[in-house]
Amino acid sequence: MTRNLASGGYRIFSAIDPVGPDPSAGQFYMLASESGWGGAEGRPYLARAFSVADAERQGGGVRLDFLVQAVGPGTERLASLEASERLWITGPLGRPFAPPQEVQSDAAGAILVGGGIGVAPLAIWRRQLKRAGIPARVLLGFRDRENSGGLDLSDCSEVRLAGEDGHAGHRGYVTDLLAVLLEGDDATSAAVYACGPPAMLEAVRSLCTDRGVACELAMEAPMACGFGACFGCAVPLANTNGRHKNRGRTYMRLCVDGPVVRGEEIDTALVRGSGH
Ligand SMILES: Cc1cc2nc3c(=O)[nH]c(=O)nc-3n(C[C@H](O)[C@H](O)[C@H](O)COP(=O)(O)OP(=O)(O)OC[C@H]3O[C@@H](n4cnc5c(N)ncnc54)[C@H](O)[C@@H]3O)c2cc1C
Ligand code: FES
């Protein structure tokens with residue numbers, strides 16, 4: 001662990017991975033602190049899943065940034081880490097975001113839609129798109145000031161904000177902003193990428209489906225292992241006329257087949273046990 005900083009209502013902590021490869025945007029790590037985890041104290045016991053919010057190669061390995069919202073024993077422990085403490089890191093894991101043209105052949109750009117702590121994977125994705133010269137419009141929504149932050153927008157020219165309590169930008173949901181954007185003639189010129197609470201993801205999926213716009217959703221499910229062994233993260237696949245789209249399977253394991261999922265792969269993003 002190298003630092004632990006406040007970022008709005010969230011915290012950003014960083015760790016050096018001395019041996020791992022560079023992660024891609026949308027991938028995640030299983031994290032646990034070396035001390036104060038499991039043992040006689042009980043919870044938290046298993047490692048917890050975290051999207052990588054930024055990564056930069058530097059002396060000694062890859063610096064990984066994570067954004068954390070304290071909602072229970074594991075996230076509270078990680079949010080309180082001191083710079084000198086050590087972390088167990090497993091990753092990078094899972095399927096990352098795909099470039100816009102792979103998601104939708106005529107897409108020249110990207111629309112990024114983030115809700116709450118879901119800004120984490122969009123932060124690194126925005127930087128990677130910028131480096132590749134791909135234009136990205138950013139829509140962010142937060143419940144209130146306490147549940148916001150995590151993204152440095154200083155170099156971001158096209159960003160729109162929504163606050164459910166009216167504390168910033170549009171008063172209402174971030175998906176209201178997306179609906180307006182998708183009304184335009186050039187709606188299909190961008191692929192949509194979203195991460196946030198299940199209800200927000202489902203609204204994004206349904207808006208995009210209605211307008212024929214391709215989208216990728218970074219989803220969450222309870223994850224005990226993070227690499228395909230426990231089936232704790234099973235998510236139902238889309239069912240079209242009794243036939244499941246993904247090689248005849250009914251479920252995917254979100255940790256290996258996701259966490260980034262194409263909108264058309266699922267019937268709903270309202271997955272049992274996901275979100276907090
Ligand atoms: C792929 C992935 C990426 C994630 N990225 C981030 C991130 O960047 N930053 C961040 O703060 N959190 C992230 N999470 C959520 C984080 O893993 C959970 O909040 C954490 O595991 C909760 O552990 P806890 O011990 O603090 O709380 P617990 O006591 O285990 O749970 C507290 C509350 O959170 C809910 N919850 C528990 N686990 C999950 C889960 N996996 N998904 C959704 N809700 C859960 C519970 O239902 C409960 O309401 C991610 C989850 C996944 C699956
Ligand atoms: S978390 Fe164990 S199989 Fe996905």
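How many residues of the shell around ligand 1 are nonpolar, polar and charged?

## The model

This is a predicted model, in which local features need pLDDT of at least 70 and side-chain atom pairs count only at pLDDT 80 or more, while totals for chains, interfaces and linings use all residues. Residues are numbered from 1 along each chain as its sequence is written, chains are lettered from A and ligands numbered from 1 in the order in which they are written, and side-chain values use heavy atoms, with hydrogens and water left out.

## The shell around ligand 1

The shell around ligand 1 divides into 13 nonpolar, 8 polar and 3 charged residues, where Ala, Val, Leu, Ile, Met, Phe, Trp, Tyr, Cys and Pro count as nonpolar, Asp, Glu, Lys and Arg as charged, and the others, Gly among them, as polar. In total 24 residues surround the ligand, the closest being Arg48, Ala49, Leu67, Gly74 and Thr75; a residue is near a molecule if one of its heavy atoms lies within 4 Å of it. At least two residues each come from strand 4 (48-51), strand 6 (61-68) and helix 1 (73-79), and strand 4 gives the largest share, 4 residues. Helices (H or I, at least four residues) and strands (E, at least two) are DSSP runs, numbered from the N terminus.

Polar contacts are pairs of N or O atoms within 3.5 Å; within protein, one atom must be able to donate a hydrogen and the other to accept it, and residues adjacent in sequence count only if both atoms are side-chain atoms. A polar side-chain atom of arginine 48 is 2.7 Å from an oxygen atom of ligand 1, a polar backbone atom of glutamine 69 is 2.9 Å from an oxygen atom of the ligand, and for a backbone N or O atom of glycine 72 the distance to a ligand oxygen atom is 3.2 Å. Taken alone, ligand 1 exposes 860 Å², of which the protein buries 82%, with accessible areas from the Shrake-Rupley method with a 1.4 Å probe.

## An aromatic pair

There are 6 aromatic pairs, counted when the ring centres of Phe, Tyr or Trp (its six-membered ring) lie within 6.5 Å, with planes under 30 degrees apart called stacked, over 60 edge-to-face and the rest tilted. In one of them, the rings of phenylalanine 13 and phenylalanine 50 have centres 6.3 Å apart and planes at 70°, so this pair is edge-to-face. Phenylalanine 13 belongs to strand 2 (residues 10-17) and phenylalanine 50 to strand 4, so the pair ties together parts that lie 37 residues apart in sequence.

## Backbone details

A cis peptide bond, with omega about 5°, joins glycine 91 to proline 92, and proline 92 is in strand 7 (residues 87-93). The bond from glycine 258 to proline 259 is also cis, with omega near 10°, and proline 259 sits in the loop between helix 6 (254-257) and strand 18 (260-262).

Phenylalanine 231 is not a glycine, yet its phi is positive, at about 60°; this residue is found in the loop between strand 13 (215-218) and strand 14 (234-236).
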